Amino acid sequence: MTNDKFVQEIEVLKSFFIQYCKDNHQNKTSKKFMLMYNSINYTFYLPLCGECNTLISYSFDRLSECPHTIKPRCRKCPNSCYKKEEWKKLAKVMKYSAIKLGLSKIKNLFRFKK
């Protein structure tokens, strides 16, 4: 996977988790994440609860260790690297956030056309 694709995947995970945690959890703290991919360091902070911090850390680990040169969508991957329980939790976050972010994008399109 290229560095650009890695950054794109990180950004998607970040936006989905921030949206999900903001709407569903309390007691958020800002946590520093330091990721390394192809000898490039990525550092950022995320305001998430403990449960979401744990799951996104696990997701970043899986993403960093993805063996595919051309990364498929995780749900269509022939050899999934997620444990079943974590996959279910991640699917819940992704489904919720995809709908929520998609609807807000449509709402913004209509708002600017007036």
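This is a predicted model: local features need pLDDT of at least 70, side-chain atom pairs count only at pLDDT 80 or more; totals for chains, interfaces and linings use all residues.
Residues are numbered from 1 along each chain as its sequence is written, and side-chain values use heavy atoms, with hydrogens and water left out.

**Figure 1. Ser57 in helix α2.** Helix α2 covers residues 50–64; helices are DSSP runs of H or I with at least four residues, numbered from the N terminus. Ser57 has a relative accessible area of 19% and is therefore buried (under 20% relative accessible area, with a 1.4 Å probe and protein chains only). Leaving aside residues up to four places away in sequence, Ser57 touches Lys31 and Phe33 (heavy atoms within 4.5 Å).

**Figure 2. The largest pocket.** A pocket is an open set of points on a 1 Å grid over the protein atoms alone, where a 1.4 Å probe fits, with protein on both sides within 12 Å along at least five of seven lines; lining residues have an atom within 4 Å of a point. The volume, which is the space filled by probe spheres set on the points, is about 700 Å³. Of the 27 lining residues, Glu9, Lys71, Arg73, Cys74 and Met94 lie nearest the centre of the pocket. Helix α1 (3–24), α2 and α3 (84–113) each give two or more residues to this lining, and the largest share, 6 residues, comes from α1.

**Figure 3. The second largest pocket.** This pocket holds about 190 Å³ of space. Its lining residues include Phe17, His25, Tyr58 and Lys89. Helix α2 gives the most to the lining, with 5 residues.

Key. Buried means under 20% relative accessible area, exposed over 50%, partly exposed in between (1.4 Å probe, protein chains only).
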